[in-house]
Amino acid sequence: LSPHGYSVNMVAHSMGNIVAGSALAKSAVVDRYAMLNAAVPASCYDEEESLQQLPELGSLGRIYWDTKTPDSDSDPVTRFLAYRGHLKSIGGRPINFFLPEDSATTFAWEFNNDAFKPTAGFGYSPDADYGSKLWKMEPLVQRPLTDPEEAMPYADQSSTKAAGAEQRTGGAITRQVNLRGQQFSLPGDAEGFKTEHSAEFERPIQALGAFYSTLLTELRLSQNPE
Amino acid sequence: MKNRRLALWLLLLTIVVCTVGLSIHSGHNPSAGAPSGSAIDSNSGLPNSGYSSAQAPPRASLGNPVSQSLTKTDVENMAKIRAAYSSPIVFFGKVIDRDGHPVANAKIHYSVADKYFRSDSKYEAMSDDSGLFSIRDVAGAGIWVNATKEGYEGTDHSGASFGYGVPTANSPPSQQSPAIFVLRKKGPGESLIKISSRQFAVPKSGDPVGVNLSKGKATRGSDAQIQVESWVNDGVRDERGRFDWRCRVIVPDGGLVERDKNNFEAPENGFGPSEEFSISKLQKDWSDRVEREYFLKLKDGTYARVKFQMMAGGHYNFFVLESYVNPSGSRNLEYDPAKEIKAH
């Protein structure tokens, strides 16, 4: 389409960014890509060490961010199956529309990451032999994982926050738009999308003019195409 | 031969074990993290088990997929979620203005993350004469709090979230050290002409595009109050897609000065006729855009404030303006929606 003066752009919301990122990693070509409230580990796009979270104490003595993840494993095969850097080379000039206090990509996503990754029946054993550290328990054997698309959703824990809540995400990300910005607020308010994970779709369209205007501008699309 | 026989025995054993295993666990999917088809508890957002998490799960029975859908793991997982999402919340806050004075009777909006992957519960409270408030008798993984008041405007510090059950965001405040929320007291609102973010295409060859901010329209005439020129050489890009470009913002017979976003009164002097941006593809901090906020002194002696963005290159080379013009001649550029003058 590009030689004819058109552009191809992609917008994905929440876990839709897993699908979008996967398509881009498999050589899909778009001019620009807007990531809305991305429920994808920030480390996928950016390998920067400082994004890795430090242990924190939650309720009932549960400690968050204290589990070893395959992100920094010494085994290259294990690291290949981990989140870190998985989308670091995607094209499409990704624009991260993030919301720092999004209750889905902070509280819920981080709790899920801590409590339910690896999923029951899957595991990560940092001291196991190379090539067999990530595994699934089959009826009789512990099967080593070899496919990142099986390892990531079931066995890998993230060592970073979700990109959709992490302003510092760089790497493949070319630009950040803070959905907490005052311009995105409801009348009489100044807090943008607050904690609302899907405000783009759930608020009245009359209150979303600034958001969609910004989306078009970021995608370099005219508000009034001829 | 011996190996083949051993393999056959192993295969047979595997089939027998799997069959027994399936018979024992039939009716649920052992690998599923959450049950499907369960009713949702309207309070917790969890699948409704119909019994407390301390009780044993019901025995699965063949042929009834609804009643047998919860495994022991499911029940344990639900207990973990309940524990994280039912942490008692006791919160202390104080609302002040930018000078540090307490703001009484500010409206406190708070939403509690009390449902797993579902919308928060929303509540309201009020600050007292000292700007203080407290929140009790709610429970959740965390809480979002923000303050508003008529005649005041939110700032970067008028809302925040705090982790209780899940330690994301800020740590809970104490009565001795309450969380501080800052509002800006607005000045008297003026009758301003507002243009919400509007795009204007601009040639890459330096041909100027003028905009009349009172009309909100591009103009080629002498009524242009701001003018933008751009030179964009995006036909010659490096291997990273970068290119050289520059642009100039001009206020004909007037001037512009950069604005602090918290300042709503234009200065009396310090205005320059134009600002130019020159971006080389060799620059480490190369970007195909610039953003600035300005106060403008227009040629008729009136004042305005604008947010300017230049988006250089590609099929659509354009700039974006958001502007507020005070036609009265006052330097006060505080916006009051009730007094807005429509662009004409």
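Tutor: Two strands pair if DSSP finds at least two bridges between them. Strands (E, at least two residues) and helices (H or I, at least four) are DSSP runs, numbered from the N terminus. This is a predicted model, in which local features need pLDDT of at least 70 and side-chain atom pairs count only at pLDDT 80 or more, while totals for chains, interfaces and linings use all residues. Residues are numbered from 1 along each chain as its sequence is written, chains are lettered from A in the order in which they are written, and side-chain values use heavy atoms, without hydrogens and water.

Student: Fine. Which residue stands opposite A:M137 in β8(A)?

Tutor: A:Q142 does. Strand β7 of chain A, residues 134-137, runs antiparallel to β8(A), and three bridges join them.

Student: What is the strand order in that open sheet of chain A?

Tutor: The order is β6-β7-β8, three strands with antiparallel pairing. β6 (122-124) and β8 (142-144) of chain A have a single partner strand each, so one side of each is left without a neighbour in the sheet. The average twist from one strand to the next is 30°, taken between N-to-C directions on a scale from 0 to 180 degrees, with axes as lines fitted to C-alpha atoms.

Student: And the open sheet in chain B, what order do its four strands take?

Tutor: They run β4-β1-β8-β6, and the pairing is mixed. The edges are β4 (132-139) and β6 of chain B; each has a single partner strand, so one side of each lacks a neighbour in the sheet.

Student: Switching to the interface. How many residues does the contact take from each chain?

Tutor: It takes 50 residues from chain B and 46 from chain A, where contact means heavy atoms within 4.5 Å.

Student: What area is buried between them?

Tutor: About 3700 Å², with carbon and sulfur atoms giving 56% of it. Buried area is the accessible area (1.4 Å probe) that two parts lose on being put together, summed over both. In chain B, the residues losing the most area to chain A are B:W144, B:P167 and B:T168, together 16% of what that side buries.

Student: How many salt bridges across it?

Tutor: Four by the rule, which asks for a side-chain nitrogen of Lys or Arg within 4 Å of a carboxyl oxygen of Asp or Glu. One of them joins B:D288 and A:R220, with the closest N and O atoms 2.9 Å apart.

Student: Which element gives the largest share of chain B's side?

Tutor: α2(B), with seven residues.

Student: Last topic, the backbone. Where is the cis peptide bond?

Tutor: Between A:K117 and A:P118, with omega about -5°. A:P118 lies in the loop between α4 (104-116) and β6 of chain A.

Student: And what is phi of A:K194?

Tutor: Near 50°, a positive value in a residue other than glycine. A:K194 sits in the loop between β9 (175-178) and α6 (199-202) of chain A. Most residues other than glycine have a negative phi, and most peptide bonds are trans.
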